[in-house]
Amino acid sequence: MNRFELLNLLKETIQDELVICNIGLPSQELYKINDRPNYFYMLGSMGLASSIGLGLSLTVDKNVISIDGDGSVLMNMNTLATIGNRAPSNYTLLIVDNGSYGSTGDQKTFTNERTSLKEVAIGAGCKNVIECSGEETDGNLKKALADKDNSYVIISKIQSGNVPIKPIPLNAVTIRDRFRKSIGLVSYL
Amino acid sequence: MKISQKIITNLKEGGADFFLSVPCKLLANMITILENDKDIYYSAIPREEEGMGICAGAYLGNKLPCIMMQNTGIGNSVNSIVSLLQLYQMPVVFLISYRGTPGEPVGAQGGMASVTEDILNTLRIPMLHCNTEDDLDKITTFTNHAKVIESPVAILCNFNLMKDD
């Protein structure tokens, strides 16, 4: 299973949740599979999907899912400590771990060698850290979303590989405004 | 404590209601005040760049975030400021302890101090310099200004203003 197939599998589960999606192919694939105003697509700032979702989850009651990648988490590992100590129960970090920098040509990341993001997350203080296969991800995500008392970190181990895809045609402020409208903060659209 | 209290009061008066910090000795009193303030959210965080991400998320959830840090933190955060906060037009207040300004005992702080304003100018981030207690009165309007222009703004508190507080 590759990232596109995984995101397609999660389509129903995430459609009404607040999603912060990682820059590059993850956002482009999610946009192609099922574009929703409650999806915030990152167009820059690689590494910060986890942190943006954390900040949002601290300020709203709804479930928030950060869809991140192994390469991006490796770039911003300190935020796992912030998540481990501060994440509220409506926060889920889903790390799509395909062992590669997919958007830049599938160069291998360190999760392909000795690094375990599961062990890093546990060491950073994260609770409910689940490493699973792509096939098991939807069930674990459903469990995380249904649990109103705990935050989760789910590491979905999948294959690398991408599908041919175009950049997202939305500009940043459009993404911002329709996202904020979906949580009732914008009245002019 | 008087200066620190005035800064926090004026930030809150201007609308800031979500605070993060990467600690600095000059920010210590402000951090103590925030830790005991039940009206706002406050947390320390490990690195300024992730703080820009957390602030972006808090803005999406309708907060006016303020990140407190040394001026060195601007250096750690340039890409996240440009390709997240400015790209999506998100207001965030940077409350900066301006290390390396006159009075600073640590010579090595001079390097980042000498480029901090050039970086902020290059990024087109409005700056408010606080050198005296009277300057602190401008913080409320300046904080609200971030919201109006949907942009990060930077408040720079010089070493000598903070050192005896």
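This is a predicted model: local features need pLDDT of at least 70, side-chain atom pairs count only at pLDDT 80 or more; totals for chains, interfaces and linings use all residues.
**Ground rules.** Local features need pLDDT of at least 70 and side-chain atom pairs count only at pLDDT 80 or more, while totals for chains, interfaces and linings use all residues. Residues are numbered from 1 along each chain as its sequence is written, with chains lettered from A and ligands numbered from 1 in the order in which they are written.

**Chain A overall.** I counted nine helices and eight strands in chain A, going by DSSP runs (helices are H or I, at least four residues; strands are E, at least two; numbered from the N terminus). Its radius of gyration is 15 Å, close to the 16 Å of the globule rule for 189 residues, so chain A is as compact as a globular protein of that length. For that I used C-alpha atoms, and the rule is 2.2 Å times the number of residues to the power 0.38.

**Burial.** I get 48% of the 189 residues in chain A as buried. The cut-offs are 20 or more other C-beta atoms within 10 Å for buried, 12 or fewer for exposed, and partly exposed in between, with C-beta atoms placed from the backbone.

**Glu119(A).** I found Glu119(A) in helix 7 (residues 117-123) of chain A. Is Glu119(A) buried or exposed? Glu119(A) counts as exposed because it has 11 C-beta neighbours inside 10 Å.
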